[in-house]
Structures are given as C-alpha cells and as structure tokens.
Amino acid sequence: MDIIFDCPECGQELAVDSAGAGSEIECPSCGETITIPQESKKSAATAESIAPGQGGSAIASSAAAKVQMHLKVPVRDKPAESLIKKAAVPLEAVAKGADKKIRVHTIRRASCIESGHDNFDEVVTKFLNEVSETNIIGTYPISYTYFDVGTQKTLTDYGLIVVYRG
C-alpha cells in the first residue's frame, strides 16, 4: 500500500511505497529533503469505499477502477519564465540607434509647391532636422514623371528619398 502525503515546502502530492516510511527523500518538485510519514496523511476511503460484492457495479469494483493517479498541477502566482530568450543587442549597436526600425521617406518637389512658391528646400531641411543627422542612413536624389491634370501633359520632376532610423 502507498503512503500519500504532501510536500511541506511546495505542497506537491507524493505517493511512496509503505516500505519507505520514516526514510528521507528529495522532493521531485522543489528539491527539498523531506521525511516520509509513517502513515498516509490522505484519506484512503476512496479506494476502499466500494468493496466487491457490496452492491457496487462490476466496473466500479474492478481492478482498473481501483488504480488511482495522484497527480497535482503546480499553481503559480506569476507567469512562467520564458524558455527561449531573445538575444541581447550589443551595447555599441544600441548607442548607434540599431534598436530603431529602418524607414524610407520620399519627398517630391511637385508636392512642395504652394501658391506658386517652390518650398522643396525648406521641406527637405525641416524633415532632415526632425530626423537628426545621426539617424540618417542615406539620401538619394530621384527623377520621375507624372501626368499633370491641369496642363494635360506628362512632366518630369525631381525629389529626394531619405533612408533613416526612426
């Protein structure tokens, strides 16, 4: 017959053969050294509640029905720790801004014209100052064509592509 008891440290339910009563074991859950009690602390009434021939069904009195599983799910008050950890970014990369995403911004000259005034230089300067020089990866001039609805002509224009961290 098994001795069923709880670990006094972590509360894990343990079942040990009665031959081990009084000996010390290490709890498989918390690793604490504990002494096996002389008798079961748990009620054995569940195994002996329905004896064969006392009005129970054949299934309830069978040997398979008497097999008890003493399993206990550990309860945690905080989330379990992650088994796979994300690699830490090297300090020199963090200092350079490597933790920011790479972004692209296109500035077209045609979209910078307001009331007949070309504000392309001002718009580019304002954007570059907002991004800051340390975050700029590169600037690339572009030439493109578009259809102007007002004049019904295809026009060639220029612009700037800014690749930056932000």
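Cys7 is buried, at a relative accessible area of 3%; buried denotes under 20% relative accessible area, exposed over 50%, and partly exposed the range in between (1.4 Å probe, protein chains only). The structure is a predicted model, in which local features require pLDDT of at least 70 and side-chain atom pairs count only at pLDDT 80 or more, whereas totals for chains, interfaces and linings use all residues. Residues are numbered from 1 along each chain as its sequence is written, and side-chain values use heavy atoms, with hydrogens and water left out.

A search of the whole structure returned 0 disulfides, a disulfide being a pair of cysteine sulfur atoms within 2.5 Å. Cys7 accordingly takes part in no disulfide, and the nearest cysteine sulfur, that of Cys27, lies 3.8 Å away. For Cys10, the closest cysteine sulfur is also in Cys27, at 3.8 Å, which is too far for a bond. Cys10 is partly exposed, with a relative accessibility of 37%.

The secondary structure comprises 3 helices and 9 strands, where helices (H or I, at least four residues) and strands (E, at least two) are DSSP runs numbered from the N terminus. Along the sequence these elements follow the pattern β-β-β-β-α-α-β-β-β-α-β-β. Of the 166 residues, 19% count as buried. The accessible surface is about 12,700 Å², and 54% of this surface belongs to carbon and sulfur atoms; areas were computed by the Shrake-Rupley method with a 1.4 Å probe, and for residues only the protein chains shown count as cover. Among contacts between residues at least 6 apart in sequence, 43% join residues at least 24 apart, a contact being defined by heavy atoms within 4.5 Å.

Strands β1 (residues 2–6) and β2 (residues 13–17) pair in the antiparallel sense over 5 bridges; pairing requires that DSSP find at least two bridges between two strands. Phe5 stands opposite Leu14 in β2. The hairpin of β1 and β2 has 6 residues between its strands, and Gly11 there adopts a positive phi near 85°.

Helix α3 (residues 120–131) contains 12 residues and reaches 17 Å from its first C-alpha to its last, close to the 16 Å expected at 1.5 Å a residue; the expected span is 1.5 Å times one less than the number of residues. Phe120, Val124, Phe127 and Val131 of α3 are buried. Viewed down the axis of α3, the buried residues fall within an arc of 70° and so line one face of the helix, the arc being that of the directions from the helix axis to the C-beta atoms. Asp121, Lys126, Asn129 and Glu130 are exposed on the other side of α3. The cover over the buried residues of α3 includes β5 (102–108), β7 (117–118), β8 (136–148) and β9 (153–165).

Ile161 is located in β9 and is partly exposed, with a relative accessible area of 23%. Ile161 and Ile107 are separated by 54 residues in sequence but by 6.3 Å in space, C-alpha to C-alpha. With residues up to four places away in sequence not counted, Ile161 touches Val104, His105, Thr106, Gly138, Thr139, Tyr140 and Ile142.

Most residues other than glycine have a negative phi. Ser132, which follows α3, has a positive phi of about 80° although it is not a glycine. Ser132 lies in the loop between α3 and β8 and is partly exposed at 26% relative accessibility. Gln152, in the loop between β8 and β9, has a positive phi near 60° and is exposed at 53% relative accessibility.
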